[in-house]
Amino acid sequence: MTARAPLFQPLLFRLELRRALGGGFAPFALALLVVLVLAPWSTPDIVTIEPRAAAVARGLQRQGIWTGALLFLVPALVWRAAGTLARWRQGDADWLGSRPTGKLAALVSTWAGTVTAGALLLAAVALFIELDVDGDAATFAYAGTSGLADVRRIEPGTARTFRMPDPGARAPAGSRVRARVTVTVGAGPTTVARLTVRRTAGDGGEQTTTARVVARTWIEVELPPGPGALELELASEGAGALAVLAPDSFQLWIPGGDERRASLTIFIRSALGLAAGLALAMGFGAWVSPVTAGLGALLLWPALAIPLGAPGWLPAARLARALAFVGEGRLPEALDPRALLGLLACVGTGLALALPGLRSWRHGR
Amino acid sequence: METAVETAASRPLALKLERLQRSFPVALGFRRKPVLLGIDLELDRGASLGLVGPNGSGKSTLLRILAGVDRATDGRALVLGGSPLAREVRARLAYLPEDSPFPGELSAVAVMDLLGALHGLPRKVVRERARDLLGRVGLAAQERIPLRKYSRGMLRRFGLAQVFLTEPELVLLDEPTAGLDAAGFGVLEDLLAGARARGATIVLASHLLSDVHEHCDRLALLLDGRLAGVGTPDELLGTDGRTVFEVEGLDGDLAPLERWIADHGGKLLGSHRAGRTLLELYRAHAAEQERPG
């Protein structure tokens, strides 16, 4: 009786890792990274605009390099994965398909090789960024949103009150809340917004801040101490009317530690998203041309994972928002552990699509 | 008189093909182009079969089906008693594809390691066999060079070496002499002799009759996807009353020989002076190089 075929072939994995980084791709990616690192992602005068400007400048540098690197690396690797089965059918099948190794093992090992190549390049991006930015100040981390269904208008001289549930232990001392506001059309070009936050239970006092609003902006204040739900009063004190935007109207921010964690969280999200995308691209590539499969896998991401309401279990869900937070010099929320299950689901779907497509290693003469 | 007939059930068969068909989709899948049109064939274990036929006759497609790389559209292929798609069967066969599409970025030793690992062979065994085989095919000095730097002939030699890495029971060779130099022909002969001595079955596809005539005890002629004939080389090709002599040591007038042939009812169709074959020349050169002093 023959022993059960292994599900993973280390040498096949190494071959794909080598191929994914070969052909000049890795040196080209690193050269591009150097260009991205040298590019100015914020103007020098930003430092004079606000007290946190240095942290924001570092955040913009991180955001710019990450965005550029992801825009290059992800499509290139997804395209490569989408062409895996086509490459096998055109040649590799002749030496691979006649071996007693299983098709699933070949797929898993090849997928893992491409994912590892991508993860190595993403790790290089994170390393380059942190060496370049060289900032380790403490910053805030995103801790949740309390959203309104619709935009709420606040007329000049009036105020509206909103409630956020008690954040409890999620929000230690020093946590902050911010509201997303803008001026409204036809009600004056500017206004002054006043945000007051108080606790509904206990006597923790209240915290107030005011800001001049000329466009979409955040108005932010520290939470008063003590337990209880939060009552947020927003007043329009200028000549113009104010609008509270939806759906991420109020955000909770907690002291989040070292700002270098920003690159770590983007790395983890991107790597998970890449791993899922590569599996789906391989699966699609079993049925349609590599170009169509690659485009399909790439377009799924903005469709499924970018919207604010995207389920957290989707790998790389809300990556765009995470990059926006990084650009503010802040930290995105920690990864939803369910994203690992989402990754498994995507990989399973990709492999399930690829396997029947490999019913025959060759499709033509 | 009754003749004892050995049935297929009792005879150990390496191949049993029944109405094997293969067609490929064309015109965006609306039509199918037939490539194999119902092949029936049986081959005993330990036999050597030469698949001959012009380009496009279906030889490579048939070999791919036998190797488990491709799948028949209809009919049945039993290879070593089982489906060629079964892992257990593929573990016992080896295949040399026509175009040597091995990973060019890896060295010969690394590809041998990879192929051995895909067969589940221990690394130590693979290394020992690889060293021996690469030496036999004359690639010992180039075993660490990436395959993309190999010439076509070197790739072909490597392809031959990898076939015998797993000591297969069934050897499938697609155009094994394509790109081989004269010395390479000798290597092929040696490897095939070794495989035959182990009792392996050999199926060799070529459009060159000389390839299969020398190495096979049975021939199958494929024409336009159909099996046009199967038999021993003599049965299939017929002797047509012709005899070929290769004579050495004669340097004089051949007229008496011609008269002798005519006296016995024959006719000399032609003769030409022949030098050593290229293989003989290489071997003589190699022997001179090895001679001490």
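1. The expected span of a helix is 1.5 Å times one less than its number of residues. Helix H5 of chain A, residues 103–133, can be held against that rule: it has 31 residues and reaches 45 Å from its first C-alpha to its last, close to the 45 Å expected at 1.5 Å a residue. Helices here (H or I, at least four residues) and strands (E, at least two) are DSSP runs, numbered from the N terminus. A:Asp134 follows H5(A) and has a positive phi, near 50°.

2. On the basis of the note: this is a predicted model, in which local features need pLDDT of at least 70 and side-chain atom pairs count only at pLDDT 80 or more, while totals for chains, interfaces and linings use all residues. Residues are numbered from 1 along each chain as its sequence is written, and chains are lettered from A and ligands numbered from 1 in the order in which they are written.

3. On confidence: the predictor gives the complex an ipTM of 0.85 and a pTM of 0.87. The pLDDT is the predictor's confidence in each residue, from 0 to 100. In chain B the average pLDDT is 87, and 90% of the residues score at least 70. Residues 1–8 of chain B have a pLDDT below 50, and beyond near neighbours in sequence this stretch has four contacts in the model. Two residues are in contact if their C-beta atoms, placed from the backbone, lie within 7 Å.

4. Chain A has nine helices and ten strands. Its C-alpha trace spans about 80 × 40 × 40 Å along the principal axes. Of the 365 residues of chain A, 42% count as buried. A residue is buried if 20 or more other C-beta atoms lie within 10 Å of its own, exposed if 12 or fewer, and partly exposed in between, with C-beta atoms placed from the backbone. Among chain A contacts between residues at least 6 apart in sequence, 83% join residues at least 24 apart.

5. Chain B has ten helices and nine strands. Of its 293 residues, 38% count as buried. For contacts in chain B with a separation of 6 or more, residues 24 or more positions apart account for 67%.

6. On domains, whose bounds come from an automatic or database domain assignment: chain A is given domain 1 (10–137 + 259–357) and domain 2 (143–255). The centres of these two domains of chain A, taken over C-alpha atoms, are separated by 36 Å. Chain B is given domain 1 (46–67 + 83–234) and domain 2 (255–290). For domain 1 and domain 2 of chain B, the separation of centres over C-alpha atoms is 31 Å.

7. Where do the two chains meet? The contact takes 28 residues from chain B and 27 residues from chain A. On the side of chain B that touches chain A, the elements that give two or more residues are helix H1 (59–67), helix H2 (87–90) and helix H3 (108–118) of chain B. H3(B) gives the most to that side, with five residues. The residues on that side of chain B divide into 15 nonpolar, four polar and nine charged. Here Ala, Val, Leu, Ile, Met, Phe, Trp, Tyr, Cys and Pro count as nonpolar, Asp, Glu, Lys and Arg as charged, and the others, Gly among them, as polar.

8. A nonpolar core is a set of buried Ala, Val, Leu, Ile, Met, Phe, Trp, Tyr and Cys residues joined through C-beta atoms within 7 Å. The largest nonpolar core has 171 residues, and those touching the most other members are A:Ala275, A:Leu278, A:Ala281, A:Met282, B:Leu66, B:Phe158 and B:Leu172. Leaving aside neighbours within four places in sequence, A:Ala275 is in contact with A:Val115, A:Pro315, A:Leu343 and A:Val347.

9. Some backbone details deserve a look. A cis peptide bond, with omega about 0°, joins A:Ala246 and A:Pro247. A:Pro247 lies in the loop between strand E9 (242–244) and strand E10 (250–258) of chain A. A:Arg318 is not a glycine, yet has a positive phi of about 60°. A:Arg318 is found in the loop between helix H7 (290–304) and helix H8 (319–327) of chain A, and counts as buried because it has 23 C-beta neighbours inside 10 Å.

10. B:Arg19, likewise not a glycine, has a positive phi of about 45°. B:Arg19 is found in strand E1 of chain B, residues 13–26. With 13 C-beta neighbours inside 10 Å, B:Arg19 counts as partly exposed.

11. Is helix H9 of chain B, residues 255–263, buried or in the open? Of its nine residues the number buried is zero, so H9(B) lies largely in the open. B:Gly265 follows H9(B), with a positive phi near 85°.
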